[in-house]
Amino acid sequence: MTLAAVLCCAMTATVLTACGSDSDDDNTPPAQPKVVAYQVDYSLEIPQEIQVDNKVCGNLFLLCDKLEVEYTDENGQEQKEVINNGKWAKTVTYKKSIKATLNLYLTKPKNLDTDSLPYDIYTSRITVLPNGLQGVTAIYDNGKSENAPRSTYEHSSQPINLSPYKNKVQQYFDNDNVIASKQEVLYLKLYIQ
C-alpha cells in the first residue's frame, strides 16, 4: 500500500513538471491579425433645410434637375447612381488596396424662377460618410472585424460652402467656377498588405 502511494505521488510530480516546462520555453508572441478587406458604408444626404446663423436656409443642390453620385466599386471601376429624395447609400467591400472617391454630379437648372423660391438664402451643405470616425470596417484574417483604426487608411472630404441669397442662385448655377457640374466630396485610400 505504501509502495502504491509512493508510485502515485512520483507519477503526479512527473506529469506536473512536464506540463510546466512546455510553457516556459515558448516565448513567441502571438501573430498580429492582418487586414484582408475593408467594408465601406457610403452615404450622402442632402437635407431640405439647414440652420445657418439662426436662419432656416434651403439647399442649393435640391434645386438641380438631377443629382447623381459616382462611387468606386469593389473592382476599382467608377459607377454612377441617381440620388433620390436627397439620400443615397451603398456598402462596398474592397479586398485590395484602392483609391476610392465619391463625386457629386449636378444637372443644373437653366431658368429658375428665383422670385418663387421659398427660402431667402440657400446653402450647399451635405453630409457624407465615411467621415474618418465611422463608416470604414476593417476585416481581419482571423475572421474578426472592427471599426477600422484611423491609422490604417487615409480619408479626405471636401466641404462645399456656398450661401447665396435667392436672387443670386441662378447666377451661381450659371458660373461653373462657382458651382461645378462635378464635385469630389470624398477621397479614401485603403491599404491592404
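What follows is a conversation about how some labels for this predicted model are reached.

Biologist: Why is the contact between E81 and K90 called a salt bridge?

Modeller: The closest N and O atoms of E81 and K90 are 2.8 Å apart, and because the definition asks for a side-chain nitrogen of Lys or Arg within 4 Å of a carboxyl oxygen of Asp or Glu, the pair qualifies.

Biologist: What makes E68 and K66 a salt bridge?

Modeller: Their closest N and O atoms are 3.9 Å apart, and the cut-off is within 4 Å, so this pair is counted too.

Biologist: Which parts of the chain does the pair of K108 and D176 link?

Modeller: The side chains of K108 and D176 meet in a salt bridge at 2.9 Å, N to O, and this pair links distant parts of the chain, with K108 in the loop between β7 and β8 and D176 in the loop between α2 and β13, 68 residues apart.

Biologist: Why are β5 and β12 called edge strands?

Modeller: Five strands form an open, antiparallel sheet in the order β5-β4-β7-β13-β12, and β5 (78–82) and β12 (153–157) each pair on one side only.

Key
Residues are numbered from 1 along each chain as its sequence is written. This is a predicted model: local features need pLDDT of at least 70, side-chain atom pairs count only at pLDDT 80 or more; totals for chains, interfaces and linings use all residues. Side-chain values use heavy atoms; hydrogens and water are left out. Two strands pair if DSSP finds at least two bridges between them. Helices (H or I, at least four residues) and strands (E, at least two) are DSSP runs, numbered from the N terminus.
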